Structure formats: C-alpha cells, structure tokens
Amino acid sequence: MAMPQVSLRMLLETAMAMDDLIRAGKASALKLAHARILLKADQAAGGPAWADDRIADAVEVSVATVERVRQRFVELGLEAALARKPQDRPSRERKLDGAA
C-alpha cells in the first residue's frame, strides 16, 4: 500500500544548491540519488512535479525510497533527506566503550 503523496515545494536557492551538488558529482551515490529525487519531486512553480513512479524509474530506485525521501525532506529538512538515516539502535553492542 503506497503512502499518500506529500506535497514538496522547495526554494529556488535550495534547488540550485542541489543542482550544483549533482553537477559536481563529488558526493556519495546515495546523496546524489536523493538530490535527484528531490529535484524531480519539486512541486513549486517551475518545478517538474513528477509522480513517484516516474521518479523511481528515472533514478532507478523503488517507489518506497522516493516516498521516504520526500517525507524526510518535508518533516526534517534538506540535510536529513540527503543523508543516510541514523540507526534507531545499533545492531550489536560496542566491545570498547572508551572508558579505559
């Protein structure tokens, strides 16, 4: 079941900064893919406002990824949408705690 599409409108400066990030190509593949997703999903005046399935095909990710990136941008902002989501809890306990 797909999530309802969240309306995404970004400022021109934000869109230009992401376009510069993509053109430079010096960031991680995940960050570049998320920037492409956000640029295609922009519903501001003059933005492409693509549908999630079309974005997923163009960027070669799943529709769920597009939905999650869009949701994170709206709720947490640009930096959170471009970066990898931090773990809620580590998969295993640390062996060294640094208290020595």
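## Helix α2 and its cover

Buried means under 20% relative accessible area, with a 1.4 Å probe and protein chains only; exposed is over 50%, and partly exposed lies in between. Helices are DSSP runs of H or I, at least four residues, numbered from the N terminus.

This is a predicted model: local features need pLDDT of at least 70, side-chain atom pairs count only at pLDDT 80 or more, and totals for chains, interfaces and linings use all residues. Residues are numbered from 1 along each chain as its sequence is written, and side-chain values use heavy atoms, without hydrogens and water.

## The nonpolar core

The largest nonpolar core has 21 residues. Such a core is a set of buried Ala, Val, Leu, Ile, Met, Phe, Trp, Tyr and Cys residues joined through side-chain atoms within 4.5 Å. L8, M10, M18, I37, L38, I55 and F73 touch the most other members. Helices α1, α2, α3, α4 and α5 each supply at least two residues. The most come from α2, which gives 7.

M18 is in contact (heavy atoms within 4.5 Å) with M10, A35, L38, L39, L78 and L82, leaving aside neighbours within four places in sequence.

## R70 in helix α4

R70 lies in helix α4. R70 counts as buried because its relative accessibility is 1%. Beyond neighbours within four places in sequence, R70 is in contact with Q5, V6, L8, A41, Q43, W50, D52 and I55.
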